[in-house]
Amino acid sequence: MSFFSRAAHYYVDSFRGFGPQVWVLTALTFVNRAGSMVLPFLSLYLTKDMGLTLEDVGWIMAAFGSGSVLGSWLGGRLTDRLGFYDVMLGSLITSGVAFMGLRFVEGFWAFSAGIFVVSLLMDSFRPAMFVAIRAYAKPENRTRAVSLIRLAINLGFSLGPAIGGFIIATVGYGGLFYVDGLTCMAAAGVLWVGLPRRQAQQDDADTRSTATRSPYGDKPFLFFLLIQVLISIAFLQYFSTLPLFYNEYHGLGEQSIGILLGVNGLLIFLTEMPLIKWCEQRRFRLFHIMRFSTFLFALSFAVLYLVPTVAFLWVGMCVMSLAEMLNFPFMNRFAFDRSDQGPPGAYMALFTISWSVASIVGHPMGLNLVDKLGFMATWQGFTGVLLLALALLFVLERMVRREERVRGPGDPGS
C-alpha cells in the first residue's frame, strides 16, 4: 500500500467510531453555521445601510458579546433543568425568528437591544450542544467528537460568507437576515427528524452523573477557565489585529490575506481529525498536550517579531493552526471530564462563557495595543500572555494532582 493510500485510509478511519446521534449533531451544526451570514457582514451593514459610526458599531458588538455571556449561562441552567434537547430546539427556533425580525429593527438603541436578544437566544444553544456531545460520544471518543463538530463549524463558516456575499450582491443586506433565520429553522428540522425527542430525553437522563459538585466551587476548573481566557484572547488576534498587520506592515492585499487565513481552515480540514486520533492512540498525557499547544501559540506570535518577513507569516499561521488543533479539543476534554463531577450544563456554560469573555476583551485589547504601542510590542505582549498561560498550566496540574491525593485516583483531568 502506498503512502497516499495509507494516509487516506488513516484519514477516513479517524471519522469512525461515532454513533448516528453524533453525526446528526454534526449535520445540524454545519447547516446552522453555513447560514451564519449576518455576523461576518454586520459591521458593513451597520455602517453602509444604517449609517452608524464605527463607535456605534463597537458598542453594538459589545451588546452582542454581553448577550452571548448571559445566553451561555442561561442555556446551561436550562439544560440542567430541561435537558439538552429542548434547549437546543428552542434556541434554534427562537433565534431563527429573532434573526428575521432583526431585519426590521433600525436605530442604534433598538438594534443594540435586538442584537443582544439574538445573541442571548443563539448562544444558549452552545452549553446544550456540549452536553449532547457528552451524552452521545463515548468517553474515549469525546475529544474527536469535539474535533468533528469543529470541522463542521469551520466548513460552515467557510461556506456562509461566500453565499452571503452573493446574497448581498443580488438582493441586498436584508436577505442575509432571512437566510440566517431560515437556516436556524432548517437546523431545528435536522434535530427534530434525526433525534426523536423522547429518545433524546431518555439518553440525557441515562448519561447524567449523580455527582452534585458545583462548578462555582471547583477551584481547579475555575483556574482552568482563567487559563482558557488568556489563551483565547491571544488566539482571537489572528482574526482581528493580524489581518491589519498583514496589510499595513507587510503590504499584503485582501486576496493574499484571504489565502493566508484560508490556510488555517484547510489545515484543520485535512489534519485535525487524524492528528487527534494519533494523539489518543499514543496516549499522550492531557496536560502535556495542553502545555505543548500553548507553547506553539506563543511561538506563532514570536515568529512575527523575531523573523518579520512575509515568508514567515506562513510559518506563523501553520504553527498557530497546529496549536489550535491540539489545544481546543483537549481543553474541551478537560472541561468534559470535570463536568462528570456535577451538573454538566452549569460546567459547560462556564466553559462557553470563558470564550465570550475572551471575545469581549480580546478584540478591543488587541486593537488598542496596536494603536498605542505598535505591532511588534503587541506581539511581544501576547507572547508573554501565552507564556503566562503555559506557566499556569503547570500550577493547574499540581492542583489536580493534589486533589487526587485527597480524593483518590481517577479524578478527571489526570
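Reader: Where is the place of threonine 143?

Author: Threonine 143 sits in helix H8 (residues 142-171). Helices here are DSSP runs of H or I, at least four residues, numbered from the N terminus. The model is predicted: local features need pLDDT of at least 70, side-chain atom pairs count only at pLDDT 80 or more, and totals for chains, interfaces and linings use all residues. Residues are numbered from 1 along each chain as its sequence is written, and side-chain values use heavy atoms, with hydrogens and water left out.

Reader: Is threonine 143 buried or exposed?

Author: Buried means under 20% relative accessible area, exposed over 50%, partly exposed in between (1.4 Å probe, protein chains only). Threonine 143 counts as buried because its relative accessibility is 0%.

Reader: Which residues does threonine 143 touch?

Author: Contact means heavy atoms within 4.5 Å. Leaving out residues up to four places away in sequence, threonine 143 touches Ile276, Glu280, Pro329, Phe330 and Arg333. With arginine 333, the side chains also make a polar contact of 3.2 Å. A polar contact is a pair of N or O atoms within 3.5 Å; within protein, one must be able to donate a hydrogen and the other to accept it, and residues adjacent in sequence count only if both atoms are side-chain atoms.

Reader: Which residues of helix H10 are buried?

Author: First the general idea. An α-helix has 3.6 residues a turn, so residues three or four places apart point the same way. In H10 (residues 197-207), the buried residues are Ala200, Asp203 and Asp204. They lie on the same side of H10 because their arc around the axis is only 100°. That arc is taken from the directions from the helix axis to the C-beta atoms. Arg198 and Asp206 are exposed on the other side. The cover over the buried residues includes helix H5 (84-102) and helix H7 (125-136).

Reader: How many salt bridges does a search of the whole structure find?

Author: A salt bridge is a side-chain nitrogen of Lys or Arg within 4 Å of a carboxyl oxygen of Asp or Glu. The search finds 18. One of them joins arginine 134 and aspartate 340 at 2.9 Å, N to O. Arginine 134 is in helix H7 and aspartate 340 in the loop between helix H15 (310-339) and helix H16 (344-373), so the pair ties together parts 206 residues apart in sequence.

Reader: Which residue forms a salt bridge with glutamate 280?

Author: Arginine 144 does, with the closest N and O atoms 3.7 Å apart. Both glutamate 280 and arginine 144 are buried. Elsewhere, salt bridges that share partners join Arg134, Arg142, Arg333, Asp337 and Asp340 into one network.

Methods:
Helix = DSSP H or I, 4+ residues; strand = E, 2+ residues; numbered from the N terminus.
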